[in-house]
Amino acid sequence: MISVRDVLVQVGGRVILDIPLLKFEEGRRYGLIGENGSGKTTLLRVLAGTLLPTQGQVTRQNPNSLGYMPQAPYAFSFSVLRNVEMALENTPERRDNAVRALEAVGMRNFLAARGNKLSGGEAQRMAVARMIARPRKLLLLDEPTSSTDIRGTDSIENTLLDYARNSGCTLIFSTHSPAQALRLAQEVIFLHQGKILEKGPALEVLENPQTESARLFLQHWRI
Amino acid sequence: MAKTMDVIREIFGLLFGQDPELRQIIGVTLRMSTLSALVSALVGIPLGVILGSTEFKAKRFVNRILHTLMGLPPVVAGLIVFLFLSRSGPLGTLKLLFTVTAMVIAQIVLITPIMTGLTANIVSVKAPLIHETAAGIGLRPFQRMLYIIYECRVQFVSTLLTGFGRAIAEVGAVQMVGGNVQFKTRVMTTAIMMQTNMGHFEFAIALGIVLLVIAFLINSLVSRIQESAGLA
């Protein structure tokens, strides 16, 4: 389980995240939605530990079993295979696990390609492979399909669903697509100006938003 | 026309002949530039990596000092080293003034801030992305730092060669602390200046051509390294 308590993040005196209490249950899938600048990335970075909050507490039960994929994951200049292997312990199964993960995201034919020569969508698929190449208790993904085409998005969503179901890990991801949140998440958290305005079962929040901000955000989706 | 042809013939004769002074000048120049670029890289690149990849309170102030030193006029660097190494200076007993070592020291004073600044700029662009990604897959801070250095390696070579290019083309500081002593501390730039003043244009042009060829080779080497690393 992972939880945040009284977390406040300030940048240049401006509050960009303000969460009194938020708990994520083990093995569940959560989708963070909200407009640009609503605090989705900041929340994920705080949960991952790459951003220290100005104040407050983050409790992680298995900090060593956490995987975090930033919005623009870096693709190293060595081979795609090594890009995935770098996330794994140096064991005899290392290569096989990396190949299997790349296969799952449809990148079996890219093993020898240089990471820095991939397109944005390919780099994102490779980054997802880096996440699922080993068992993790918690996956934090910042817009994991923002650069992929429809096929790539479909492939990543199916891969993540399979991984989450088989491993029993907690999945927390951000997205601009309410449809994706509905497909992937069991619970949806709606953020607005750094605050959580809605949290609940995905369909319930998306179908029947309780706040004006969420209604305005979701009305575009309905169009 | 006949005179022009004579000049060209003399230039080629100097370039491909056995002129001992020209060879000696080229030798001292290459030795001094290589040594000063290497020592500056050994100091400047690690400092640049630290400066570019870490956040600390006085960073802005340090950057301001660094940018000032990057624009340090060569004669000022030469003057500082001269005062330190002169007989009445704090390092006068070492008797280094008017030696190649003094010229290397002056070059290091000039080039190290440039290498630190260039490295810090390169690292500060890549480090946050690499740090975030590497931390996300569970790599330790030391491993992350190694990957940052690895990913910037080609730019570091370019930085080193930039430093070498700066050293080989410098004239003010090496003139002051080296003294342009024949067969001892005379380098291409100081020789070009002296020969031009004396009206020996053939010798000056021959040296100028050598300098241009070296600059071309350095640029070719940088491009080659970048291409082979798949970054060009």
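Guide: With 24 C-beta neighbours inside 10 Å, T112(B) counts as buried, a term used when 20 or more other C-beta atoms, placed from the backbone, lie within 10 Å of a residue's own, whereas 12 or fewer make it exposed and counts in between make it partly exposed. The model is a predicted one, in which local features need pLDDT of at least 70 and side-chain atom pairs count only at pLDDT 80 or more, while totals for chains, interfaces and linings use all residues. Residues are numbered from 1 along each chain as its sequence is written, and chains are lettered from A, and ligands numbered from 1, in the order in which they are written.

T112(B) belongs to helix α5 of chain B, residues 100-136; helices here are DSSP runs of H or I with at least four residues, numbered from the N terminus. Leaving aside residues up to four places away in sequence, T112(B) touches S40(B), V43(B) and G44(B), where contact requires C-beta atoms, placed from the backbone, to lie within 7 Å. For V43(B), which is 69 residues away along the chain, the C-alpha atom is separated from that of T112(B) by 6.9 Å.

Elsewhere in chain B, helix α9 (residues 188-198) has as its buried residues M188(B), T189(B), T190(B), A191(B) and I192(B). Their cover includes α2 (20-53), α7 (153-169), α8 (172-178) and α10 (201-228) of chain B. After α9(B) comes G199(B), with a positive phi near 85°.

Methods. Helix = DSSP H or I, 4+ residues; strand = E, 2+ residues; numbered from the N terminus. Contact = placed C-beta atoms within 7 Å.
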